[in-house]
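Here is a briefing on one protein chain. Please look over the sequence and the model before reading on.

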Amino acid sequence: MAPINEDQHRQLDDGMEKRVVRKIDRFVIPILFVTYMFNFMDRTILSSASVFGLREDNASNLMGQQYSWVSSMFYFGFFAWSYPTSILIARLPVAKYLGVNGIFWGTVVAATAACTSYGGLLAVRFLLGVAEATLTPAFMFLTSTWYTRDEIPVRTGIWFAGNSIGGLVASLMAFGVGHISPNNVVGPWRAMYMILGIGTFVWAFVIFAFLPDRISTARFLTEEERRYAADRVVIAGTGSTEKTRWQLDQVKECLIDPKTWLIFALEFATQIPNGGTQNFANLIIRSFGFTSLQSTLINIPYSLLAASVIAGTGWLAGRYRTMNCILIVCVVSPCIIGSAMIYRRDSISPDGVHLFAYFLLASGPGAMPLNLSLVQSNYRGVTKKMTVSALVFFAYCAGNISGPHFFRASEAPTYNTAFRTIMVCYSLVVVFAMTLRVYLQWQNRKREQSEGLEGGPAPVTGDNLVTDKASPRADPSMRERDQLREENYYDITDWNTVGFRYRY
C-alpha cells in the first residue's frame, strides 16, 4: 500500500474535523440552547406575572419599590453563589452538577406559585438566583472545553440566543395562560410558575442522560474522535480542562490583569439597562397604551429581534477575529437612540414611535454573549478562566440589582430616570469596548516584540505557532497533531503561553 502523502493526510484530517464538530454540535449545543431557554423564561416570567395579579396577590399589593426589590433579589442569590459554583464547576463532573442543580431550580420555580407575601417572593427569588448562578459559567466552561477559539463566538451566540427564544415562548405561554380567570383557584400568574417549574424539573433529567461531563467520557464519539477532539482544543482552543486543580497564582494573575477589569466594566454597564428593562418590559409597554394581554404579544417580535442580533453577531465574531469589540459598539448604538427617544417621549408622537424606540432596545442583550466570547477566547488556565467568569457575573449581578431601582415607582409610567440611566450606561459601553480593543491590540504588539514571533490574533499554542499572514482564518486541522508535546496539556495561563494572541 502506498504511503499517505501530505495532501491525503490533510483531507483525512479535514474529514475528521468536520465529523467531530458536527457530532459535538448535534449532541451538546441543543441541550445548552434549551436549558438557556428555561433559564430566561423562569427568570423573566416575573414581568408577565406582574400584570396578571402577582403584585395584587402578595401582601395585598406590592407597594412603592417592593416590586423592584423582588426583581433585584434574584441577583443577590446569583451574586452569593457565583464564585463558589465557579470552583465547583472546575472540580465536579459538570453535567451531573448541572442536572442536580436543575432539579433544585425547577422546584424553586414551581414553589413561587405558593407565595402569598412580599417576604415569600423575596425568598424564592433569592433561591432562584442561587440555582441559575451555575448555568452561564458552566456553559462557558463547556464551550471552551469542546470548541476552538474560532468556534466559540458562534456557539456562544447560539446557546445564548436561547434567552431570546425563551422570551418568545414565555410571551406565547403568558398570552395563553393570561386568559385564565383571575377568580380561578390557581389564577394566571400561579399557573405560569407551575408550568415552567415542572418543565424545568423534567428537563434536568435530560441533562443527566445526554450531556457528557468531559470529552473523554463522550459516548457519541469514538475513541479516535475523542482523542482528536481533545487535541484540537489544545492546539486551537484555550487549553485542556481535564485533570486540573485550583491554583492561587492564577487567581492573583487574573486580578492584576487589566483586561479583566475592562471586561468587568463592560459587563456592569450593559447589565444596569438589562436589569430594568427585563423586569419592567410589560409595564413599559402598558405605559404606551396597550393592555396586559397585548403587552405579552408585543414582546414576541422584540424577542425575535434580540435572537437575530445575538446569533448574527456571534457568527460575525467567529468569522472575523478582530470584530468583537466593534460588534459590541454596534449592538448598543441602537439602544442609545431608543432610550433617548423614550426619555423624550413627551416631545415625540404618535405612540407608534414610542414602540419603535422600545424595539431599538432589543439589540442590547447581544452585548453580553460577545463579552463572554472575549472571556472564553482570551484566557488560558482553568483557574484564571473561572475566576474571571466569577468576576463577570459579580458585575452582572451588581448591574441587574441596580437596574430595577432606576425605575422609580413615583415616576411611573414614564420612568424618566431609568431611561436617562440606560442612555448613559450604553454610552459608557462604547468607551469601554474601544478601550479594551486598543489595549488588546497593544498587548499583541508587545508580545510579538518580546517573543520575536509574528502572528495576529491566531489560535496558537506554544510550539505550534501559526501566523495569520496567509489567511484571516487559520485552519486548526491543517496543523500536524503529532507535534503536540506533553507541556501543551499543562494548565498554564495566557500570560505564560508563548505565541498566544488576543482576540479583540
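Helices (H or I, at least four residues) and strands (E, at least two) are DSSP runs, numbered from the N terminus. This is a predicted model, where local features need pLDDT of at least 70, side-chain atom pairs count only at pLDDT 80 or more, and totals for chains, interfaces and linings use all residues. Residues are numbered from 1 along each chain as its sequence is written, and side-chain values use heavy atoms, with hydrogens and water left out.

**Whole chain**

- The protein chain has 19 helices and zero strands.
- Of its 504 residues, 59% are buried. Buried means under 20% relative accessible area, exposed means over 50%, and partly exposed lies in between (1.4 Å probe, protein chains only).
- Take the contacts between residues at least 6 apart in sequence: 83% of them join residues at least 24 apart. Contact means heavy atoms within 4.5 Å.
- The chain exposes about 19300 Å², and carbon and sulfur atoms supply 63% of that area. Accessible areas come from the Shrake-Rupley method with a 1.4 Å probe; for residues, only the protein chains shown count as cover.

**Helices H5 and H6**

- The axes of H5 (residues 94–111) and H6 (residues 118–132) come within 9 Å and cross at roughly 160 degrees. Axes are lines fitted to C-alpha atoms, for helices over the stretch in contact, and angles run from 0 to 180 degrees between N-to-C directions.
- That angle makes H5 roughly antiparallel to H6. Angles under 35 degrees count as roughly parallel, over 145 as roughly antiparallel, 65 to 115 as roughly perpendicular and the rest as oblique.
- H5 contributes Asn-101, Phe-104, Trp-105, Val-108 and Val-109 to the contact, while H6 contributes Val-124, Leu-127, Leu-128, Val-130, Ala-131 and Glu-132.
- By class, this contact of H5 with H6 holds nine nonpolar residues, one polar and one charged. Ala, Val, Leu, Ile, Met, Phe, Trp, Tyr, Cys and Pro count as nonpolar, Asp, Glu, Lys and Arg as charged, and the others, Gly among them, as polar.

**Helix H8 and its partners**

- H8 (residues 152–160) and H14 have axes that come within 7 Å and cross at roughly 170 degrees. The two helices are therefore roughly antiparallel.
- Pro-153, Val-154, Gly-157 and Phe-160 of H8 make this contact with Ile-310, Ala-311, Gly-314, Trp-315, Ala-317 and Gly-318 of H14.
- The residues in the contact of H8 with H14 are seven nonpolar, three polar and no charged.
- H8 also packs with H17 (residues 367–378), at an angle of about 140 degrees and with axes 9 Å apart. That makes H8 oblique to H17.
- On the H8 side, Ile-152, Pro-153, Thr-156, Trp-159 and Phe-160 meet Met-368, Pro-369, Leu-372, Ser-373, Gln-376 and Ser-377 in H17.
- The contact of H8 with H17 divides into seven nonpolar, four polar and no charged residues.

**Two loop residues**

- Tyr-320 sits in the loop between H14 (292–319) and H15 (324–343). Tyr-320 is partly exposed, at a relative accessible area of 40%.
- Tyr-320 and Arg-503 lie 183 residues apart in sequence, yet their C-alpha atoms are 9.5 Å apart.
- Gly-364 lies in the loop between H16 (351–360) and H17. Gly-364 is buried, with a relative accessible area of 6%.
- Not counting residues up to four places away in sequence, Gly-364 touches Val-331, Cys-335 and Tyr-426.
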